[in-house]
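Please look through the sequence and the model below before reading on. The paragraphs that follow go from the core to a sheet and then to a disulfide.

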Amino acid sequence: MDRRLWVGLAGASLLVTGCGTESAVGGIPERTPTPSEHSVPTPRPTPTPPPRTCPSTGASISVGQVDAALGHRAVVIKLTNCHSGVLTVNGYPDVTVLDAKRRPMKVTVTHGLSYMAIDPGPTKLRLRKGESALAAVSWSNTVEAGEDKAAGTYLSIARSTRDKPVVWPVDTDIGTTAKITLTAWCLTFPT
């Protein structure tokens, strides 16, 4: 078999993944996404150094690198419980796209499936110290003729609307769509 073909097939098989659980945590049953007819690539988290201090919310948030495919983009958000108690995560992260001056941009936020990520749907997760949950933010760099394209410079991210957000530098070249899509938090285990 041609080496380039083998490498391409191996790389493609790594892209088709989704969030799930390995076991129940704290009495919450495991949740595995239902298979769909079409496999959609899901971005993988990028390892980041642990925070120096734990925020009062107990939720340390980091963002991976932007993954790109055919005009579509995505980043993985990683939330880690850095407190000694159990941290409950439910639903979707609260995400806002900010411009270079850190002002919120007019962007439509939707929940669900995108070209870049499979949405497992909202599930109540209980994270013990050191355990993490992931969510994906995706968008398309679509530009229609005659319209000005938009680009964000930062993402403001919180576990939910009740928490204080953190701001991460993320270039979001949203073109003229002015839309991002979020997946729900899904359970992972510390590495």
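Leaving aside neighbours within four places in sequence, which residues is Leu155 in contact with? This is a predicted model, in which local features need pLDDT of at least 70 and side-chain atom pairs count only at pLDDT 80 or more, while totals for chains, interfaces and linings use all residues. Residues are numbered from 1 along each chain as its sequence is written, and side-chain values use heavy atoms, with hydrogens and water left out. With contact taken as heavy atoms within 4.5 Å, Leu155 meets Val75, Val95, Thr96, Val97, Val137, Val166, Val167, Trp168, Val170 and Thr172.

Leu155 is also among the members that touch the most others in the largest nonpolar core, which has 27 residues, and Leu79, Val95, Val137, Ile180 and Trp185 share that description. Such a core is a set of buried Ala, Val, Leu, Ile, Met, Phe, Trp, Tyr and Cys residues joined through side-chain atoms within 4.5 Å, where buried means under 20% relative accessible area, exposed over 50% and partly exposed in between (1.4 Å probe, protein chains only).

An open sheet of 3 strands runs in the order β5-β9-β10 with antiparallel pairing, strands being DSSP runs of E of at least two residues, numbered from the N terminus, and pairing requiring at least two DSSP bridges. Because β5 (94-98) and β10 (166-175) each have a single partner strand, one side of each is left without a neighbour in the sheet. Strand β9 (residues 150-158) is joined to β10 by 6 bridges, and Gly152 stands opposite Thr172 in β10.

The whole structure holds 1 disulfide, a pair of cysteine sulfur atoms within 2.5 Å: Cys54 and Cys82, with sulfur atoms 1.9 Å apart.

Methods
Helices (H or I, at least four residues) and strands (E, at least two) are DSSP runs, numbered from the N terminus.
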